[in-house]
Amino acid sequence: MKSIMRGLVLWLVFSTAVSAETLTLPPGVLMQLNAAQQAMAEENYPQAEQVLKALMQEDLGKPASAYVLQFRGNLALVRQQHATALKYFAQAYELKSLPAADQRRLLHTLAQLHMNEEQWRKGVDAMARWMEQVRTQGTANEKVRAEDYLMLAQGYSQLDQWSRVVKPVKAAIRMKGRAPEDWYRLQLAAHFQLKQWKGATGVLELLVNRYPQRDRYWEQLASVYQIRDHHRDALATLRAAWIGGKFNKESQYIWLAQMLMQQGLPQRAAELLEESMSRQQVKRTLKHERLLAQTQLHAKLYNQGRATLERIAQRKPEYKTWRQLAYLDMQLQHWDEMKRSIDQAVALKPDAVDLYLLSGIADLNRSHFDQARSSFVKASQHESTRAQAQNWLNYLDQLKGSS
């Protein structure tokens with residue numbers, strides 16, 4: 001906003017002088033206005049102020065008063081007195097005595113000053129009125145610039161009127177061609193606020209291509225794809241960011257691993273987690289280790305999954321982890337390891353009924369038949385495991401009869 005105000009000062013000094021000369025003003029008034037302009041050009045601001053104050057004491061007509069007020073507004077702007085400048089320009093505008101084009105220029109100036117003073121409602125109202133007047137009454141030399149549309153959009157955003165932001169900011173970008181990054185970010189903010197995910201996608205795709213080093217755009221694009229249920233596009237976006245070396249946060253690796261899992265690629269997820277953990281890009285917290293074990297087991301990397309579960313169990317002994325290990329050992333037919341896992345689980349939850357069955361199966365496969373029978377008998381005393389336990393007892397009886 002400050003750069004706009006600096007440009008505004010130079011434009012006003014020039015345009016006010018030219019307009020004043022084109023009107024019929026008393027020679028003495030015109031001479032003093034020229035003197036004030038010369039003093040301002042020489043940065044002799046006290047002298048300019050003295051001349052303009054003296055002019056205001058005279059009995060001037062409305063047009064001359066309007067030009068003097070404009071000069072005082074210019075002087076205040078040069079001296080960074082924006083609130084004072086706004087007061088003078090508003091007074092000049094309210095006189096409604098200048099040519100139509102000058103009145104419109106004053107309105108444009110007021111719009112900018114209101115915005116600069118964070119008077120957003122007055123600013124957007126003035127800017128919208130000025131645009132309409134230029135469209136319907138303006139001369140060939142009067143044009144709405146890209147920066148004007150941007151200022152209007154910024155004003156609406158400050159008022160949280162996001163539905164009014166999109167149209168002017170898109171117009172600004174279209175007119176500018178290759179617009180600054182902040183312009184696109186304003187459009188993106190409006191789409192997010194309005195939950196216009198398709199519009200947000202288009203902006204983010206452009207930002208990702210134009211600013212590939214900005215990892216936040218990759219993340220936002222993947223998130224929007226997910227919101228729109230474009231999960232393959234979300235995965236492709238994150239993988240491209242990863243391959244391109246854009247990841248710099250632990251959460252990004254975890255997110256990608258979870259998406260790989262969701263898209264039926266558990267082995268890729270496991271490989272990603274193993275690699276990122278080995279490079280210390282992802283900490284080996286229990287939560288992350290559990291995710292690693294999940295990916296490995298889904299990928300049927302059972303031995304690797306077992307090793308991960310063993311680490312988890314050793315770090316934080318829990319019944320459910322040792323129980324999971326016992327079932328995995330049974331699948332792997334590692335009967336001794338299965339027995340040890342069961343013993344660890346029993347120590348944490350002695351009354352777990354299904355452990356009797358598991359213990360019996362482990363002992364049976366280790367040829368410890370008496371111990372197996374004892375475990376199955378205990379399991380048969382509970383309704384949830386009675387039928388299975390009886391089947392195993394019958395099987396033991398068959399083995400005994402055939403021996």
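This is a predicted model: local features need pLDDT of at least 70, side-chain atom pairs count only at pLDDT 80 or more; totals for chains, interfaces and linings use all residues.
Residues are numbered from 1 along each chain as its sequence is written, and side-chain values use heavy atoms, with hydrogens and water left out.

Helices here are DSSP runs (H or I, at least four residues) numbered from the N terminus. The buried residues of α11 are Ala200, Thr201, Val203, Leu204, Leu207 and Val208. An α-helix has 3.6 residues a turn, so residues three or four places apart point the same way.

Leu207 also belongs to the largest nonpolar core, a set of 94 residues in which Leu33, Leu52, Val165 and Leu207 touch the most other members; such a core joins buried Ala, Val, Leu, Ile, Met, Phe, Trp, Tyr and Cys residues through side-chain atoms within 4.5 Å. Helix α4 (residues 62-78) gives the largest share of this core, nine residues. A second, separate core of 28 residues includes Leu286, Ala293, Tyr319 and Ala362.

Tyr319 leads on to another helix pair, since helix α18 (residues 319-332) and helix α20 (residues 353-365) have axes, lines fitted to C-alpha atoms over the stretch in contact, that come within 11 Å and cross at roughly 35 degrees. The contact is made by Tyr319, Arg323, Ala326, Tyr327 and Met330 of α18, together with Asp354, Leu355, Leu358 and Ile361 of α20.

Note on methods. Axes are lines fitted to C-alpha atoms, for helices over the stretch in contact, and angles run from 0 to 180 degrees between N-to-C directions. Helices (H or I, at least four residues) and strands (E, at least two) are DSSP runs, numbered from the N terminus. Contact means heavy atoms within 4.5 Å. Buried means under 20% relative accessible area, exposed over 50%, partly exposed in between (1.4 Å probe, protein chains only).
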